[in-house]
Amino acid sequence: MKILIATDTYPEQLNGVSRVLEKTEKELMARGHQVKIVSANDFTNFPWPGYKEVKIAVFPGGKAARIIEDFSPDAIHIMSEGPVGWAVRGYCKRNNLRFTTSWLSRLSEYVSIRYKVPLKWLHGLLRRFHNSAAQTMVTTDGMAAEARALGIARVTRWRRGVELEKFHPVETKLFEGLTRPIMLNVGRVAVEKSLDKFLSLELPGTKVIVGDGPQLNELKRKFPKAVYLGIKEGKDLTECYSAADVFVFPSVTDTFGLVNLESLACGLPVAAYPVTGPKDIIGDAPVGALDSNLQVAIEKALLLDRSDCVTHARTYSWDVATEDFISSLVPVSAVEALPVDG
């Protein structure tokens with residue numbers, strides 16, 4: 001198939017959606033499919049105020065239409081609800097083309113928190129966006145239940161995998177000399193990640209933050225005892241996971257949290273709140289501790305067997321995840337009636 005995927009992220013951006021997109025593109029191409037990624041990079045864009053890592057496409061509609069027509073895809077998938085996503089959705093609606101979408105982030109909640117926009121209005125836009133799609137893909141059963149509760153009508157699962165060839169236990173002396181236990185967080189350093197809840201805990205040991213983002217300087221000033229390593233990738237990131245004693249995931253807004261899988265694959269148990277994402281990944285497996293008291297979760301997770309974490313992570317396959325994606329796509333020219341907006 002010729003598959004066009006539209007996204008408001010871009011390949012160089014370090015976040016879960018970009019990493020999922022990168023891996024999915026490789027898996028699709030390995031199966032012989034042609035893939036065209038339409039991203040914020042394809043248009044005039046500007047950095048989101050206060051969040052320079054995010055690019056906002058400027059009036060992408062006309063160029064998006066030309067890209068779609070030049071590629072002539074067999075299937076169209078929209079991964080985000082930003083300007084690029086809306087432009088491609090609009091083109092499909094005008095031309096009676098069927099398409100699928102993903103609900104992969106709590107963009108509505110983030111915008112509401114930052115700009116004080118009523119969440120009810122944003123959820124209305126979310127329903128309108130996704131209910132025009134033939135299907136909306138979500139990562140977990142928990143997110144499927146949330147989507148249906150919001151009024152998103154046609155929901156299907158697109159599971160996740162972990163790159164076991166990249167993430168696995170390695171011998172390293174990376175954190176030698178730091179006071180144990182090493183409590184690690186990896187990801188975007190932003191207010192919605194609730195890192196202050198982790199960094200404010202009075203615990204023995206060393207807190208280590210890997211990543212960059214708009215809240216980094218503020219956290220450095222507020223919590224100077226933590227170790228901030230910036231962005232790490234590839235072998236350096238694998239060493240961070242392998243050298244730590246517990247992975248702490250304080251976010252309550254993530255829809256999945258791919259970093260949880262990466263940490264488990266390196267033998268690092270997870271401590272998190274009992275929310276969508278960590279609940280779905282960990283379940284009842286003895287590979288993490290979920291508690292409304294994050295300190296209790298950390299203390300429990302430190303007692304877990306690292307080998308169990310590796311075994312659990314190996315049940316997450318990108319091969320299965322890619323087959324989920326392919327089976328959920330729809331042909332653009334299907335005869336069936338288009339779904340109505342919600």
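T9 is buried, at a relative accessible area of 10%. Buried means under 20% relative accessible area, exposed over 50%, and partly exposed in between, with a 1.4 Å probe and protein chains only. This is a predicted model, in which local features need pLDDT of at least 70, side-chain atom pairs count only at pLDDT 80 or more, and totals for chains, interfaces and linings use all residues. Residues are numbered from 1 along each chain as its sequence is written, and side-chain values use heavy atoms, with hydrogens and water left out.

T9 sits in the loop between strand 1 (2-6) and helix 1. Helices (H or I, at least four residues) and strands (E, at least two) are DSSP runs, numbered from the N terminus. The T9 side chain makes a polar contact of 2.6 Å with the side chain of T7. A polar contact is a pair of N or O atoms within 3.5 Å; within protein, one must be able to donate a hydrogen and the other to accept it, and residues adjacent in sequence count only if both atoms are side-chain atoms. Beyond neighbours within four places in sequence, T9 is in contact with N15, V17, S18, S39 and A40. Contact means heavy atoms within 4.5 Å.

## Helix 1 against helix 10

Helix 1 (residues 16-30) packs on helix 10 (residues 258-265) at an angle of about 70 degrees, with the axes 9 Å apart. That makes helix 1 roughly perpendicular to helix 10. Angles of 65 to 115 degrees count as roughly perpendicular, under 35 as roughly parallel, over 145 as roughly antiparallel, and the rest as oblique. Axes are lines fitted to C-alpha atoms, for helices over the stretch in contact, and angles run from 0 to 180 degrees between N-to-C directions.

On the helix 1 side, G16, R19 and V20 take part; they meet L258, V259 and E262 of helix 10. By class, this contact has three nonpolar, one polar and two charged residues. Ala, Val, Leu, Ile, Met, Phe, Trp, Tyr, Cys and Pro count as nonpolar, Asp, Glu, Lys and Arg as charged, and the others, Gly among them, as polar.

H33 is placed in the loop between helix 1 and strand 2 (34-38). H33 is buried, with a relative accessible area of 17%. A polar atom of the H33 side chain lies 3.1 Å from the backbone nitrogen of M1. Leaving aside neighbours within four places in sequence, H33 is in contact with M1, I3, L28 and I326.

## Helix 3

Helix 3 (residues 83-94) has 12 residues. Its span from first C-alpha to last is 16 Å, close to the 16 Å expected at 1.5 Å a residue. The expected span is 1.5 Å times one less than the number of residues. Buried residues in helix 3 are V84, G85, A87, V88, R89, G90, Y91 and C92.

## Backbone geometry

Just after helix 3, N96 takes a positive phi of about 55 degrees. F59 also has a positive phi, near 40 degrees, and is not glycine. F59 lies in the loop between strand 4 (51-57) and helix 2 (61-71). F59 is exposed, at 78% relative accessible area. S72, again not a glycine, has a positive phi of about 50 degrees. S72 belongs to the loop between helix 2 and strand 5 (75-78) and is partly exposed, at 45%.

A cis peptide bond joins R180 and P181, with omega about 0 degrees. P181 is in the loop between strand 8 (155-157) and strand 9.

V186 is in strand 9 (residues 182-186) and is buried, at 8% relative accessible area. Its C-alpha is 9.1 Å from that of S263, 77 residues apart along the chain. Outside four places in sequence, V186 is in contact with V210, L237, Y241, F247 and V259. F223 lies in the loop between helix 8 (216-222) and strand 11 (227-230). F223 is buried, at 13%. Not counting residues up to four places away, F223 touches D196, L199, S200 and Y228.

M137 is in strand 7 (residues 135-138). M137 is buried, with a relative accessible area of 0%. M137 and L329 are 192 residues apart in sequence and 9.4 Å apart in space, C-alpha to C-alpha. Residues touching M137, beyond four places in sequence, include H77, W103, W158, F325 and L329.
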